[in-house]
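Hi,

Here is the structure I promised to pass on.

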Amino acid sequence: MSVSDRILFENEAFRLYAIYEDVYLLNKSLKATLSQSVQSDIVIASIYGDPDSGLIAWNNAFVALAGCGLSLYFLETGESYSIGAQADNTLWTEGIYQSAEDEVHFVRFTAYTKDNKIRVHRLNVLSREVEVL
């Protein structure tokens, strides 16, 4: 880790961190078994304007990132998608988290609504449906 690295989230199995706009995931169990010549960190997203926040789901199934839109990365499959990160449809998001009131496949975050008010939103990461709470 260098001074430009910013840890977004960490648990026993993974470390999620950013170096400017690029977001990396370190699998700690691989790091312990790999030689120093093999890199165990993978780039999972690039967030315009740097990521605001990120999380690793309680069950380690996915990573969610807030900033310019929302970016999701599924650990088992390596699949990913973004919402609201298009030039003509930008959703600036921040403060992503999981609530004990929700099932594990939901994340919450704050963003402006169409009436220009900051509100908490909830995303179902499986269906990609976003609702304003």
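Predicted model: local features only at pLDDT ≥ 70, side-chain atom pairs only at ≥ 80, totals over all residues.

**What I found**

Leaving aside neighbours within four places in sequence, Asp5 is in contact with Tyr17, Ala18 and Ile19 (contact means heavy atoms within 4.5 Å). Asp5 belongs to strand E1, residues 5–10 (strands are DSSP runs of at least two residues, numbered from the N terminus). Asp5 is buried without a salt bridge, and Arg15, the nearest side chain of opposite charge, is 7.3 Å away. Buried means under 20% relative accessible area, exposed over 50%, and partly exposed in between, with a 1.4 Å probe and protein chains only; a salt bridge needs a side-chain nitrogen of Lys or Arg within 4 Å of a carboxyl oxygen of Asp or Glu.

Residues are numbered from 1 along each chain as its sequence is written, and side-chain values use heavy atoms, leaving out hydrogens and water.

Ring pairs link Phe62, Phe74 and Tyr81 into a cluster (rings of Phe, Tyr and Trp, the latter by its six-membered ring, pair if their centres lie within 6.5 Å; planes under 30 degrees apart are stacked, over 60 edge-to-face, the rest tilted). Phe62 is buried at 3% relative accessible area, and Phe74 is buried at 17%.

Tyr81 also has the charged end of Arg128 over its ring, 3.7 Å from the centre (CZ of Arg or NZ of Lys within 6 Å of the ring centre and within 35 degrees of the ring normal).

Cheers

Note on methods. Helix = DSSP H or I, 4+ residues; strand = E, 2+ residues; numbered from the N terminus. Lys, Arg positive; Asp, Glu negative; His and termini not counted.
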